[in-house]
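This report is meant to be read alongside the sequence and the model.

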Amino acid sequence: MAVGKEIRGKIKSFENTKKITKAMEMVSASKMRKAQDRMRAARPYADKIRNITANLSQANPEYRSPFMRKTEGAPKAVGFIVVTTDKGLCGGLNTNVLRAVTNKMREVQDAGGKVQAVAIGNKGFNFLNRIGAQVVSHVTQLGDAPQLEKMIGPVKVMLDAFTEGKLDAVYLCYTRFINTMRQESQVEPLLPLGAERLQQSTAEKSQYGWDYIYEPDAASVIDDLMTRYIEALVFQGVAENMASEQSARMVAMKAATDNAGTLIAELKLVYNKTRQAAITKELSEIVSGAAAISG
C-alpha cells in the first residue's frame, strides 16, 4: 500500500517537527522570563539617570549640551539605531520594525535628507545591506544577556556624528514589550534630547538640591551624564527588544506546535480511511472470488 506508506512518512515527519517546536516553545518561555527580569531591572537605572541628567541640565542654564542642539527646519541628515534580533523564528517581529524603519527612511529621503544607520542585531544588519542603506557601524551576536560594553562603540559613532554636526537627528528603532501576546514597533526620536524626555514631576524635583560643584567643569560633567543617559536608553531598547523576541518566538512555536498537531490528526484520519478502503476492497475481492468458485 504505497499511499499508506507515504502518509505514514508524512505523519512521522510532522511528529518530529512537533517535538522540535514544542522544545523551542519551552526554551523560549524560560528565556522570556529572564529577559523580562533584565528589562525590568534596567528601568530604575534609566529613570534615575534621567532625573539626575534633567536636574543638572536645568541647574546650569548658562551651558547647553550639544545633545540638546536643535536645527531649524527639516533635518538634512538623520541617523537610525536599528535594533533587531540575531535569529529568526519569531513571527513578524523583525518584519514589523524594519517596515517602520523603511517608511521613516523614505520619508526623510523624500524631504531631501540623507540617512545612515547603526545595526544592532544580525537581521537588521542584513536587511539594511540588502536595501543599500549606509551602515556606519554594527554589532551582532549579543547573546541572551546583552552587555552594554558591546554596544557602546557602535552607539558612540552615532553620538559623535551628532555632536560634530554631521547629523541633525537620531532615531532609536526597536520593538517595545507590552505583554506576552503584544509587542509594538517603535521609531522614537533619540537626539536631540527634547524637553519631554528630561521632564520631571514635582516630586522628582524635590529629591535633588540645586547647589553643585563641578569637577573638572560643568560641560564635562553634563555631557558625560547625557552620554550615559543616551546609552541607557539604547540598552533599555535592546532589553525590551529581547523580551519581545522571546515572547514572539514562544507564541510562534506554540502556533507551530498546534498546527503540527492538527495536521497529524488530519493525516491520521486520511490514513485510516485509506487503510479501511483497502481492507474493504480486499474483502470484496475475496467474497467475489468465493462466490465465483462456489457458483
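The protein has six helices and five strands, where helices (H or I, at least four residues) and strands (E, at least two) are DSSP runs numbered from the N terminus. Read along the sequence, these elements follow the pattern α-β-α-β-α-β-α-β-β-α-α. The model is a predicted one, in which local features need pLDDT of at least 70 and side-chain atom pairs count only at pLDDT 80 or more, while totals for chains, interfaces and linings use all residues. Residues are numbered from 1 along each chain as its sequence is written, and side-chain values use heavy atoms, with hydrogens and water left out.

Of the 295 residues of the protein, 42% count as buried; buried means under 20% relative accessible area, exposed means over 50%, and partly exposed lies in between (1.4 Å probe, protein chains only). Among contacts (heavy atoms within 4.5 Å) between residues at least 6 apart in sequence, 77% join residues at least 24 apart.

A nonpolar core is a set of buried Ala, Val, Leu, Ile, Met, Phe, Trp, Tyr and Cys residues joined through side-chain atoms within 4.5 Å. The largest one holds 34 residues, of which Phe67, Ile81, Ile120, Val170, Leu190, Leu191 and Leu193 touch the most other members.

| Element | Residues |
|---|---|
| helix 1 | 2–59 |
| strand 1 | 77–83 |
| strand 2 | 114–120 |
| helix 4 | 148–163 |
| strand 4 | 169–179 |
| strand 5 | 182–191 |
| helix 6 | 218–294 |

The largest share of this core, 10 residues, comes from helix 6. A second, separate core of 18 residues includes Val97, Leu98, Ala119 and Cys173. Leaving aside residues up to four places away in sequence, Val170 touches Gly79, Ile81, Met158, Phe162, Glu188, Pro189, Leu190 and Leu191.

In helix 3 (residues 122–130), the buried residues are Gly124, Phe125, Phe127 and Leu128. Because they cover an arc of only 165° around the axis, they lie on the same side of helix 3, the arc being that of the directions from the helix axis to the C-beta atoms. These buried residues of helix 3 pack against strand 1, helix 2 (93–110), strand 2 and strand 3 (135–139). Just after helix 3, Gly132 takes a positive phi of about 80°.

The largest pocket contains about 360 Å³ of space. On a 1 Å grid over the protein atoms alone, a pocket is an open set of points where a 1.4 Å probe fits, with protein on both sides within 12 Å along at least five of seven lines, and lining residues have an atom within 4 Å of a point. Of the 24 lining residues, the closest to the centre of the largest pocket are Lys87, Gly143, Asp144, Glu245 and Gln246. Helix 1 gives the most to this lining, with seven residues. The lining divides into eight nonpolar, eight polar and eight charged residues.

Two single residues complete the account. Gln36 is found in helix 1 and counts as buried because its relative accessibility is 10%; not counting residues up to four places away in sequence, Gln36 touches Phe177, Thr180, Ala243 and Ser247. Asn259, by contrast, is found in helix 6 and is partly exposed, with a relative accessible area of 48%. Asn259 and Phe14 are 245 residues apart in sequence and 9.6 Å apart in space, C-alpha to C-alpha.

Notes
Grid points are joined across faces, edges and corners, and a volume is the space filled by probe spheres set on the points. Ala, Val, Leu, Ile, Met, Phe, Trp, Tyr, Cys and Pro count as nonpolar, Asp, Glu, Lys and Arg as charged, and the others, Gly among them, as polar.
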